[in-house]
Amino acid sequence: MDRVQEEHDNLTSRGFRVLVVAHGRVEGSFSVENPELPPLELLGLVGFIDPIRPDVPDAIRRCRSAGVDVVMVTGDHPATALAIARELEITDSPDEVVTGVKLGDPEVATLSEFIDRVKKGRVFARVTPLQKLRIVEAYRKSGEFVAVTGDGVNDAPALRSANIGVAMGSGTDVAKDTASLIVTDDDFASIVAGIEEGRYAYDNVRKVVYLLITTGFAEVLLFMLALLIGLPLPLVAVQLLWLNLVTNGIQDTALAFEKGEPGIMNRPPRRTEEGFFNRLMIEQVLLSGTVIGLVTLGAWYWLLSNGWDEFAARNLLFLLMVLFENFHLFNCRSEYISAFRVPISNNYILIAAVIAAQGLHIAALYIPFFQDVLQVQPVSLVEWITLLVLASSVVVVMEIFKAVRKHRPLDHQTGYGVG
């Protein structure tokens, strides 16, 4: 028996699932519920192994760099689970392997006791379906956002209890019906790719909102301050519609096609309680919107104070707002990286959108119909250069903001999961 136990331990330590095969003769009736077996003769041990896909260890490393913690929950022998966990680089310590016996009966242990036991482990072996469910609940009670992968009927309760249940395409119908997502290729790396694509999509939504809210805030600020100091309305209604529907309409559509930023999987996850308008969004909207609003207000005041009639001054102010939106579009390509470091090749559609938006406005300056509707007229080269310099101020200010933000102490940082 020592030889058998030694071979069993050898197989499990190499990641095999081990079945013991024995035989014997049973006399009379036999019941599975209450078997009365005679002494059995050992025939041998059978080892099974499900090879780890080559890309899974790298996928787990990417999860770790993205702040996504991976733990293993299995019904396998602890030694088998530890061997696989070592290969996956989940843990190398036997102390972080918690068995179902160590977890205890979740119906008897208090919630705090069970959570403490769960926190000690990174690998959970020989656990029951009920314990799987309670492990998920313990993580959620601790404030974690939990995703569970599984393929069997016994995984269904844990899949349903998780924030996101992910079933394997080859799994049981019960698991797939219970889960939120189904991975058709059964590859854990596909889940990691999904996290990455989700971050890209979320970033692009933020970029579009950043652009639209900033320009809207700048327009509101411009109008309110102009009225407070007794100036005429800076823009007429049709000009506002042009800015919001034509110029911004082209820009925000193009911005949605921005490619993902490098290093997005090196950011920590957002806090579960963090709203869309986090500290970073509020800071950058207020700062960039204030710059645009104050510069346009200053230009409006200067033009009127120096003898320009309202029509001519409003024509220049209208063009200045269009230029501001086109310049600010490049700020919105990244909330973290300098606008000068984001490759043009990441979004050729955006470049085409800037050309189209500015081209339409230039055309409107010279086409009689649009001149009458939008109340515009051509401007001189000197005026173009002056307005371009003024509009570029929003890029200068936001570049300084990004540079200063990089040097903030960690507890004052903003963005994914911090601040």
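Hi everyone, and thanks for coming. A word on the source before we look around: this is a predicted model, in which local features need pLDDT of at least 70, side-chain atom pairs count only at pLDDT 80 or more, and totals for chains, interfaces and linings use all residues. Residues are numbered from 1 along each chain as its sequence is written, and side-chain values use heavy atoms, with hydrogens and water left out.

Leu19, Val21, Leu43, Val46 and Phe48 together make a nonpolar patch of about 420 Å². Two elements give two or more residues to that patch, namely β1 (17–23) and β2 (41–48). β2 provides the largest share, with three residues. To be counted in a patch, a residue needs over 30% relative accessible area and no salt bridge; nonpolar side chains (Val, Leu, Ile, Met, Phe, Trp, Tyr) are joined within 5 Å, and like charges within 9 Å. The areas come from the Shrake-Rupley method with a 1.4 Å probe, and for residues only the protein chains shown count as cover. Strands here are DSSP runs of E with at least two residues, helices are runs of H or I with at least four, and the numbering starts from the N terminus.

Take Val46, which sits in strand β2. Buried means under 20%, exposed means over 50%, and partly exposed is in between.

Now to the salt bridges. The rule asks for a side-chain nitrogen of Lys or Arg within 4 Å of a carboxyl oxygen of Asp or Glu, and the count comes to 15. Please find Arg61, which is partly exposed at 35%. One partner of Arg61 is Asp58, with the closest N and O atoms 3.9 Å apart. These two are three residues apart in helix α2 (residues 56–65), so about one helical turn separates them. Asp58 is partly exposed too, at 40%.

Arg61 also forms a salt bridge with Glu89, where the closest N and O atoms are 2.8 Å apart. That pair links distant parts of the chain, 28 residues apart: Arg61 is in helix α2, while Glu89 lies in the loop between α3 (78–88) and β4 (97–99). Glu89 has a relative accessible area of 38%, so this residue counts as partly exposed.

Elsewhere, Arg267 and Glu261 form a salt bridge, their closest N and O atoms 3.1 Å apart. Arg267 is buried at 11%, and Glu261 is buried at 5%.

Finally, helix packing. Helix α9 (residues 188–228) packs against helix α12 (residues 310–331) at an angle of about 150°, the axes being 10 Å apart. Axes are lines fitted to C-alpha atoms, for helices over the stretch in contact, with angles from 0 to 180 degrees between N-to-C directions. The two helices, α9 and α12, are therefore roughly antiparallel, a term used for angles over 145 degrees.

One last stop is Leu287, in helix α11 (residues 279–305). The C-alpha atoms of Leu287 and Phe401 are 8.7 Å apart, although 114 residues separate them along the chain.

Methods. Parallel < 35°, antiparallel > 145°, perpendicular 65-115°, else oblique. Buried < 20%, exposed > 50% of the residue type's maximum accessible area, 1.4 Å probe, protein only.
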